[in-house]
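Q: Please take me through this structure one feature at a time, giving the general idea before each case.

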Amino acid sequence: YLARAGNCQTCHTVEGGNAYAGGLPFHTPFGVLYSTNITPDQATGIGSWTFEDFHASMKHGVRPDGTHLYPAFPYTDFAKLSSADIAALYIYLQTLEAVEQTALPNELEFPYSQRELLAFWKLMFHEPHSMSPDPSKSAQWNRGAYLVEGAGHCGACHSPRNMLGAEDESLAFTGGSYMDKVRFGYYRQWSGVNLTSHKMGLAAWEEDDIIDYLRDGVSGNAVVHGPMREVVMNSTRHLTDEDLQAMAVYLKSLPARALPAGPTPDAETLAAGEIVYTVHCGSCHLPSGRGDAGLGVPLVESPIVRAADASSLINVML
């Protein structure tokens, strides 16, 4: 269950490959990183790892030999898990079928290829402690926070990052940009939408809308697209209704924040857009953009439409 909540399979499995055997590329501003083999193979996976080794990787981002792991593996979020949950996850991974598959070498530019520099990065950006419940909040809210900020590591895609690749905590969950797959094996920039209660985010969404989307991939507000499809298919649709409700409660409690909006389009651009919309979009989403339950979701107040980074909307249209 924790492996599903953390969506481990998606990041550690290439299309058509063995589950959890690694090799998935991550295109970053610093170069390409490849996910590793986390099956219990003794030579190429984590079969020889002790629980203490695994715990150190999740909490501190280090291998058994002490070398640093790149935070494309989101130990900055997984460190928030309890030691009991890390133990449960370790036990589960040790029951997987062992696959012999050597990790591909990363293709990082200098100086980012120097792992020892991550020691300084961690001093600035990593807090290795488990999440403590907020006594002023309900048990449901705390469970939602644990899933969203810990196991689910939602901020990894839905928060902007600074020039060193760390999440900008002052703008947490206001939307992020990253490279991911499009059709035919190509990679393009995508944008994770604003998850806060800002009008650019989920202000128009009720808790039930969030639950429907995470469970079914469709709600009255949106249909799942792009990288989020694998999150729903491999992760959130397997969660209990109680956990989905807790996540919705937490997300709706996030303070309204937003990234700066882009430049205001001029009249000529708007006129051209109106023609294209009327011809190609309005028949399903209605001329008003309010959508129709049997034709198309609403585009008015849609986070993907209102995002500061239009990458995901452009990818969906393409």
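A: Two strands pair if DSSP finds at least two bridges between them, and the strands (E, at least two residues) and helices (H or I, at least four residues) are DSSP runs numbered from the N terminus. The model is predicted, so local features need pLDDT of at least 70 and side-chain atom pairs count only at pLDDT 80 or more, while totals for chains, interfaces and linings use all residues. Residues are numbered from 1 along each chain as its sequence is written, and side-chain values use heavy atoms, with hydrogens and water left out.

Q: With that idea of pairing, which residue stands opposite Lys181 in strand 5?

A: Opposite Lys181 is Tyr187, and the pairing to which they belong links strand 4 (residues 176–181) with strand 5 (residues 187–192) over six bridges in the antiparallel sense. These two strands form a hairpin with five residues between them, and in the turn Phe184 has a positive phi of about 65°.

Q: In what order do the strands of the open sheet of three strands stand?

A: Their order is 1-2-3, with antiparallel pairing. Strand 1 (25–28) and strand 3 (107–108) each have a single partner strand and stand at the edges, so one side of each is left without a neighbour in the sheet. Strand 1 is joined by four bridges to strand 2 (residues 31–34), to which it runs antiparallel, and a hairpin of two residues connects strand 1 to strand 2. Within this pair, Phe26 faces Leu33, whereas His27 stands opposite Val32.

Q: Which residues have the most contacts inside the largest nonpolar core?

A: In soluble globular proteins, nonpolar side chains tend to be buried together. A nonpolar core is a set of buried Ala, Val, Leu, Ile, Met, Phe, Trp, Tyr and Cys residues joined through side-chain atoms within 4.5 Å, where buried means under 20% relative accessible area, exposed over 50% and partly exposed in between, with a 1.4 Å probe and protein chains only. The largest core here has 46 residues, and Phe54 and Leu93 have the most contacts inside it. Helices that each supply at least two residues of this core include helix 3 (51–60), helix 5 (83–93), helix 7 (139–151) and helix 11 (241–253). Apart from its neighbours within four places in sequence, Leu93 is in contact (heavy atoms within 4.5 Å) with Tyr20, Ile38, Pro40, Ile46 and Phe54. A second, separate core of nine residues includes Phe30, Tyr70, Leu108 and Leu118.

Q: Which residues of helix 5 are buried?

A: An α-helix has 3.6 residues a turn, so residues three or four places apart point the same way. In helix 5 the buried residues are Ile86, Leu89, Tyr90 and Leu93. They lie on the same side of helix 5 because they cover an arc of only 100° around the axis, the arc being that of the directions from the helix axis to the C-beta atoms. Ala84 and Ile91, on the other side of helix 5, are exposed, and the buried residues pack against helix 1, helix 3 and helix 4 (75–78).

Q: At roughly what angle do the axes of helix 7 and helix 11 cross?

A: Axes are lines fitted to C-alpha atoms, for helices over the stretch in contact, and angles run from 0 to 180 degrees between N-to-C directions. The axes of helix 7 and helix 11 cross at roughly 90° and come within 7 Å. Helix 7 is therefore roughly perpendicular to helix 11, on a scale where angles under 35 degrees count as roughly parallel, over 145 as roughly antiparallel, 65 to 115 as roughly perpendicular and the rest as oblique. Among the residues that meet are Trp141, Leu147 and Val148 in helix 7, and Met247, Val249 and Tyr250 in helix 11.

Q: Where in the backbone is there a cis peptide bond?

A: A cis peptide bond, with omega about 10°, joins Phe110 and Pro111, and Pro111 is in the loop between strand 3 and helix 6 (118–125). As for phi, Tyr20 has a positive value near 70° although it is a residue other than glycine; Tyr20 lies in the loop between helix 2 (8–11) and strand 1 and counts as buried at 7% relative accessibility. His153, likewise other than glycine, has a positive phi near 35°, and it is found in the loop between helix 7 and helix 8 (155–158), where His153 is buried with a relative accessible area of 14%.
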